[in-house]
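Here is a short briefing to read alongside the model. Have the viewer open and follow the residues as they come up.

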Amino acid sequence: MKTTTFALLAALGLTGGLTGAFTGCKSKGGGDLRARASELSPAPAAGSAAAARAEDGTRKGVEAKHVDTRKVIRTGRIDLTVASYDEARAQLDAMVLSAGGYIDSTLVDRHGTTNSAVIVIRIPADAFTGVLPGLRQLGDITNETTSAADITDQFVDTEAQLASAQQLEKRLLELATAKNGTLDQVLTVERELARVRGEIESYQGHLKQWGDQVSLSTLTITMSTRSAPVAVAVVVAPTLGSKTSESFHSSIGALRDLAAWLLINGVALVPWLLFLVPAGLGIQRWARRHRRIPVAIVNPPAQS
């Protein structure tokens, strides 16, 4: 698509200005004129105001060379064990506020007397190293990890690509407004213009995200409270008296359990007595009647 764009630029005669702009910067005459001007210009006298300004400018230029222009993304993770979560959290909020940062996200989990939290903070990059010693005063650090990713090359390349895409967009806009192109050329330019604008938005999004990550470092803090000490029970060897007392109380408990069992089962048998008592009385009456029958009726005498 870029080949098509440059072909359209050449066809419509708009590449000459662009080529001339680049070649004009490299002309030899310009370099010779600057060299002659520097040779013919008189040197400032020692102690004069011009010399002082020149010296001050030189000193500022030397200082400017030491300015760190790298693009570095700093991140870290710290695991803390604190005595009280509420107190440590209040100190952390005050520390982040004084450093010019803010709390990005918080996840708190409470289980009785034990609390744990994951807190993500964003702080300025120049205050990143100053916050770490303050965190050590909140509690015991069980784990600490920091990293710095240098993205200077990616940042500069993206800036160059953005500038090139913006220059191409400008040329495409000139093509789109020109009235000496055919309909197919105009449609092709519009499609290419939409693609270039998409690239520009993508480059700008990456630069904005990187700028935010470079200016504000990210620090993830895992905070948990110390567990309460567990009391250890002391085992004492039983004596003869304690064994006798334990046996006596066991017997009393067994009798108590037996009495309770008899009471519960006796109450459970009460409804059955309504049927068992009449049946028992009936069987007893039938047995008495059967014993009263004469023997002679049972065994009659023989006839002579």
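A salt bridge links the side chains of Arg110 and Asp86, at 3.5 Å from N to O. Arg110 belongs to strand 2 (residues 102–111) and Asp86 to helix 5 (residues 85–98), so this pair ties together parts that are 24 residues apart in sequence. Please keep in mind that this is a predicted model.

**Salt bridges**
- The structure holds 9 salt bridges, and the Arg110 partner of the pair above is partly exposed, at 47% relative accessibility.
- Asp79 and Arg77 also pair through their side chains, at 3.7 Å from N to O; Asp79 is buried at 16% relative accessible area, whereas Arg77 is partly exposed at 37%.
- Within helix 8 (residues 183–215), Arg195 and Glu199 sit 4 residues apart, about one turn of the helix, and their side chains form a salt bridge of 2.5 Å, N to O.
- Arg195 is partly exposed, with a relative accessible area of 26%, and Glu199 is partly exposed too, with 23%.
- Through shared partners, salt bridges join Glu192, Arg195 and Glu199 into one network.

**A buried arginine**
- Arg122, in strand 3 (residues 114–124), is buried because its relative accessible area is 9%, which is under 20%.
- The Arg122 side chain makes a polar contact of 3.1 Å with the side chain of Thr218.

**Surface patches**
- Arg285, Arg288, Arg289 and Arg291 form a patch of positive charge on the surface; Arg285 lies in helix 9 (residues 240–291) and is exposed at 58% relative accessibility.
- A nonpolar surface patch of about 710 Å² includes Leu269, Trp272 and Leu281, and Leu269 lies in helix 9.

Notes: Residues are numbered from 1 along each chain as its sequence is written. This is a predicted model: local features need pLDDT of at least 70, side-chain atom pairs count only at pLDDT 80 or more; totals for chains, interfaces and linings use all residues. Side-chain values use heavy atoms; hydrogens and water are left out. Patches are made of residues with over 30% relative accessible area and no salt bridge: like charges are joined within 9 Å, nonpolar side chains (Val, Leu, Ile, Met, Phe, Trp, Tyr) within 5 Å. Accessible areas come from the Shrake-Rupley method with a 1.4 Å probe; for residues, only the protein chains shown count as cover. A salt bridge is a side-chain nitrogen of Lys or Arg within 4 Å of a carboxyl oxygen of Asp or Glu. Lys and Arg count as positive and Asp and Glu as negative; His and the chain ends are not counted. The place of a charge is taken as NZ of Lys, CZ of Arg, CG of Asp or CD of Glu. Helices (H or I, at least four residues) and strands (E, at least two) are DSSP runs, numbered from the N terminus. Buried means under 20% relative accessible area, exposed over 50%, partly exposed in between (1.4 Å probe, protein chains only). A polar contact is a pair of N or O atoms within 3.5 Å; within protein, one must be able to donate a hydrogen and the other to accept it, and residues adjacent in sequence count only if both atoms are side-chain atoms.
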